[in-house]
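Hello,

Here is the structure for you to look over. My notes follow below it.

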Amino acid sequence: MITLGKDEIAKYPFLADAGQYLKDKGFTLQQFGTDPDLRLSVDKALNRVLVSADGKIYKSDLIDGEASKEYILEREVFSFLLAIVLLKLTGMTTLIKRFALAEARRAEKFLEKDLGNISDESKKELAIKIIDDLFSIQIKKQDDFFIIPIANYLTHSINFHEREWKLINRHVENGFVFLTSHETVRLIRKELGNYISSKILNAKTPSMISGFEEPVEKLISLSKKFVTHTVSTGEYPPCIKHAIEVLEKGENLPHSGRFMLATFLLAKNQPVEQIAPLFKNAPDYNERVTLYQLNHLAGSSGSGTQYACPSCEKLKTQNLCFAIPECDNIFNPLQFGKKRK
Amino acid sequence: MQEKDVKFLEDTFKKYYFDNFDLIHVPERTSEREFGFQKFNSGMIRHISLKDDKELHLLLMQNSPSDVYCSNAYYSFPNLPMKEKDWKEADLIFDIDSKDLHLSCRSDHTVTKCNDCNKISKSNDQCTYCQSTKLDNKSLPCKNCIEASKIEVSKLLKILTDDFGIEENSINVYFSGNEGFHIYVYNSPFQELGSRERSELVDYIMFKGAIPETFGMKKLKPNRSLLPNFEDPGWRGRFSKEVYGSKSNKSKIVTELMTNGYSNFQKNLEQLSNKIGAKIDPNVTMDIHRIFRLPGSINSKSGLTKLFCKDLQKFDPYQEACILNDNSIEIKANCPIEFKLKNKKFGPYDNEIITVPSYSAAYMICKNLATIP
C-alpha cells in the first residue's frame with residue numbers, strides 16, 4: 001500500500017479512497033449540492049470533465065505539484081472526486097474514457113517531474129513505487145536513463161502504434177530498454193487511463209443529489225456529440241489485393257497470407273463456399289482440405305473459435321503488408337476505406 | 001508416396017530409433033508439454049502428453065512415425081483441446097532455413113516435380129513436359145547453404161546475448177534435419193510473452209521497422225554528431241560497422257548521408273534489413289502453440305536427424321546428422337543433382353536402378369526423387 005502525503009493526494013487523487021477522504025474531511029455529497037461555498041467544487045468538477053471531453057488537460061491550481069494554501073489542495077481533490085460522481089450520474093462511457101485519459105495525462109506530468117527529481121530522492125522513490133505497484137514495471141536508474149527489462153517494456157509498448165515505440169527503435173542493451181523519464185511515464189499512459197477508468201466504472205453510482213441535476217444534464221447533452229459514423233468504400237486494401245493476385249497467377253501464397261485473406265473475407269461476411277474457389281490455383285489445392293480449413297477459421301467447425309484478421313503490424317512482420325497512402329495509418333486491414341465522418 | 005517406399009522408410013526409421021534411444025529424449029518439464037507425430041501419407045496426431053523417455057520410446061516403436069514433434073509451450077493440461085490446455089509459458093524458438101536466404105546456388109540444386117505428370121524438370125515456373133504450374137520444389141541443399149545459414153545463426157546469437165542479455169548456456173542450437181537450424185532459448189525472461197510481443201522481438205532481430213530518428217537522422221535540422229558511432233551498443237553499433245566500414249571512412253559517409261537527406265536514409269535502412277538483420281522465420285518465433293520437431297528425431301523431408309550442434313562452426317550435417325544405417329538397398333533413382341552424404345558422393349541418376357546405402361536411399365526417397373522398384 002502506498003502512503004500518500006497531502007500534496008501527493010492532490011497530484012494522484014485516483015490513489016485515494018474517495019469515500020474515506022470525504023468522511024475524513026467531515027463532508028457528505030449532499031452538502032456539496034446545497035452549500036454555496038462547497039458548490040464551487042462542483043463547478044470545478046464540471047469544468048474538469050468538460051476540459052477532458054475536449055481532449056485537453058485540466059489546468060490545476062497547484063504550482064509545481066504544490067499548493068500555497070491547504071484549502072486549494074483540498075479543493076483539488078474534491079473536484080476530482082466530484083467529477084467521478086458527476087460521471088457516474090451521467091453514465092456515459094465515452095465521457096468516462098476521455099476523463100480518465102486526461103487525468104492520466106495530468107498525473108503523467110507530476111510523475112515525470114517526480115521521477116526526474118534529483119534534489120528530493122523520496123519523490124523519485126514514490127514515483128518508482130507507484131509505477132511498480134500499479135503496473136508491475138521494475139524501473140532502475142542508470143546514469144541519465146531509466147532502464148526496464150525488455151519483456152516488461154514489450155507488454156506495455158505493444159499497444160502503441162507509433163513507430164518510435166517499436167523495440168527496434170529503442171536503445172536496447174543487455175536485456176534492458178533505456179528510457180528518459182518522459183518516455184517511462186508515457187509508457188504507462190494508457191494503463192494509467194485504464195486504471196482510472198476502471199476505478200470509476202467500478203465505483204458505486206449514487207442516486208441523484210439535489211443540486212447536481214444541472215451539470216449532469218449538461219454532460220449528457222455533450223456526450224451525444226461523440227457518436228461517430230463511418231462510411232465504407234467497399235474497396236479491398238492492398239495486402240488483400242496482392243494476396244488475390246498471387247493466387248490468381250497460380251503462385252504460392254504462404255500459409256500466413258492465406259490465413260489473412262480467409263479471415264479478412266470471412267469478417268466481411270463472405271460465405272465459405274465463395275471464398276474456397278479463390279484458392280483453386282494454389283499449387284497444393286485440395287477442395288476438401290480448403291473447405292475444412294475455412295470452416296475452422298469461421299468457427300463453424302472445430303473449437304468454435306472464430307479467427308480474427310491479423311493486424312497491419314503483424315502483416316508487416318510477415319512481409320504481407322503493401323501499404324499505400326489510402327491505408328491512412330489503419331491498424332487492421334478491415335478498417336481500410338472506412339472514413340470517420 | 002508408394003506403399004513400398006513407406007514400408008522401407010518406416011523400417012529404416014524404426015531401426016534408427018531402436019538403435020539410438022540415447023539420442024532422443026523428452027525435454028525438461030515433460031508432463032507440461034504437448035507431443036504430436038505424423039505417419040507417412042497421413043495427417044498430424046497431436047495433443048498427446050507423455051511422462052518420460054520410456055513412454056516416448058514406446059510411442060516411436062508402436063507408431064513408426066515419419067516425424068515427431070513437441071511443444072515449446074508449457075500447459076496445465078497438454079492433452080486437452082487447444083482452448084482448454086491452459087497455456088502457461090513457452091520457450092523462445094527460432095528457425096533459420098537456407099531456402100529463405102535467397103542464395104544464388106539454390107537454382108543449381110533445386111528441381112521441380114510436377115504434381116500432374118510426376119516428371120522432374122529444372123524449370124521453376126512450369127513443367128517442361130506438360131506445362132502444368134502445379135509444381136513441388138525439391139532442393140538438395142549444398143555446403144554453401146549450410147554455411148550461409150550458420151552466419152545467420154551467429155548473427156542471431158550475438159543479438160540474443162548482447163542485446164537481449166540472454167546467457168549463452170540458456171541457448172541450444174540444433175541442425176533442423178533438412179535445410180537449416182533451430183535455436184531454443186530456455187528459462188529466459190521472455191517465456192511468458194505472447195505472440196504480439198514476440199513479433200516485436202522478431203522485428204528487432206530482423207532489423208525491420210527502423211526509423212531514421214533512431215540513428216540520429218532528423219527530418220528538420222539534422223545534426224551529424226547524432227549519427228551512430230562504432231562503439232554504440234546494439235543496432236547503432238552494427239549500423240556503423242556495416243555503413244561506415246572503417247573508422248577512416250566514417251566522416252565521408254556521414255557527409256554523404258546528411259546530403260542525401262531523410263527519405264534516402266529511410267530507404268537505406270530498409271535495404272540494410274536484408275544485410276544486417278538475422279534472417280529468421282517470423283512465423284515460428286511468433287507462434288506460441290507450435291509443436292516443433294523433437295531433437296533427436298528424423299526429419300522425413302530428408303531422413304537426416306535433428307541434431308544438437310556442439311560446435312556450430314565445425315558442424316557438418318551431411319556427416320554428423322546422417323545416422324540411418326548403411327545396409328545396401330536397390331532403388332530406382334531420378335535425381336539429376338549430385339549430393340554428398342557421409343563423405344561419399346551420390347548421383348546424378350537418370351531414372352536408373354542402383355544399389356546404395358539405406359541412408360542415401362532414404363534421402364532420395366524422402367525428397368521424392370527415388371522409389372523402391
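Two residues count as in contact if their C-beta atoms, placed from the backbone, lie within 7 Å. By that rule A:Leu86 touches A:Ala45, A:Leu46, A:Val49, A:Phe212, A:Pro215, A:Val216 and A:Leu219, leaving out residues up to four places away in sequence.

Ground rules first. This is a predicted model, in which local features need pLDDT of at least 70, side-chain atom pairs count only at pLDDT 80 or more, and totals for chains, interfaces and linings use all residues. Residues are numbered from 1 along each chain as its sequence is written, while chains are lettered from A and ligands numbered from 1 in the order in which they are written.

Cores

A nonpolar core is a set of buried Ala, Val, Leu, Ile, Met, Phe, Trp, Tyr and Cys residues joined through C-beta atoms within 7 Å. Buried means that 20 or more other C-beta atoms lie within 10 Å of the residue's own; exposed means 12 or fewer, and partly exposed is in between. The largest nonpolar core has 143 residues. A:Val49, A:Leu86 and B:Leu156 have the most contacts inside it. Another core, of 23 residues, lies apart from it; A:Ile240, A:Leu294, A:Leu297 and A:Leu320 are among its members.

Strands in chain A

Helices (H or I, at least four residues) and strands (E, at least two) are DSSP runs, numbered from the N terminus. Two strands pair if DSSP finds at least two bridges between them. E1(A) (residues 140-142) and E2(A) (residues 145-149) are antiparallel, with three bridges. A:Lys141 stands opposite A:Phe146.

Chain B

Chain B has nine helices and 20 strands. Its C-alpha atoms fill a box of roughly 75 × 50 × 35 Å along the principal axes. Of its 373 residues, 41% are buried. Among its contacts with a separation of 6 or more, 65% join residues 24 or more positions apart.

One open sheet in chain B has four strands in the order E2-E1-E3-E12, with antiparallel pairing. Its edge strands are E2 (44-48) and E12 (291-293), each pairing on one side only. E3(B) (residues 67-71) meets E12(B) over three antiparallel bridges. B:Tyr69 has B:Arg293 in E12(B) as its bridge partner.

Best wishes
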